[in-house]
Amino acid sequence: MFGIPGKQAVTLTPAAVTQITKLMERDGRHGLRIGVKKGGCAGMEYTMDYVDTLDPNDEVVEQDGARVMIAPMAQMFLFGTEIDYQTSLLESGFHFRNPNVADACGCGESIKFKDVEELQAEQEQARG
């Protein structure tokens with residue numbers, strides 16, 4: 001929807017591919033749907049949900065057996081994002097390296113995106 005022809009909307013690190021594939025196999029799911037919602041101190045938060053049925057409006061990204069669907073309202077905000085899965089002594093979880101983020105809260109749980117006009121202009125420029 002807001003993509004660049006020939007370029008995936010998001011990319012997954014090998015660790016993210018491994019974790020998503022594990023979750024898909026363990027629970028018999030089609031993949032994970034990624035979105036954004038209002039919330040947190042910076043204004044927006046990422047969402048991740050299991051997918052049982054595919055939505056024809058979702059952007060589907062498949063990489064090495066892992067499948068991620070991007071909700072229609074989130075596509076513009078997630079384009080160009082790298083999704084990683086990190087494990088440390090105290091926590092583990094998905095991390096988003098998103099070039100569309102203008103600011104984030106101190107705890108890293110919520111983000112603020114660039115203005116829609118700025119995002120559209122950057123994508124038009126990338127299309128060339």
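## A pairing to start with

In strand β7, G93 is the bridge partner of Q86. Strands here are DSSP E runs of at least two residues, helices are H or I runs of at least four, and both are numbered from the N terminus. Two strands count as paired if DSSP finds at least two bridges between them. Keep in mind that this is a predicted model, where local features need pLDDT of at least 70, side-chain atom pairs count only at pLDDT 80 or more, and totals for chains, interfaces and linings use all residues. Residues are numbered from 1 along each chain as its sequence is written, and side-chain values use heavy atoms, leaving out hydrogens and water.

Strand β6 (residues 81–87) pairs with β7 in the antiparallel sense, over six bridges.

## Around β5

Now for β5. Strand β2 (residues 31–38) runs parallel to β5, joined by three bridges, and I34 stands opposite I70 in β5. Strand β4 runs antiparallel to β5, with five bridges, and here Q63 stands opposite A66.

Four of the five residues of β5 are buried, so this strand is largely enclosed by the rest of the structure. Buried means under 20% relative accessible area, exposed over 50%, and partly exposed in between (1.4 Å probe, protein chains only).

## The turn at D64

β4 and β5 form a hairpin with two residues between them. Most residues other than glycine have a negative phi. D64 is also exposed, at 68% relative accessible area.
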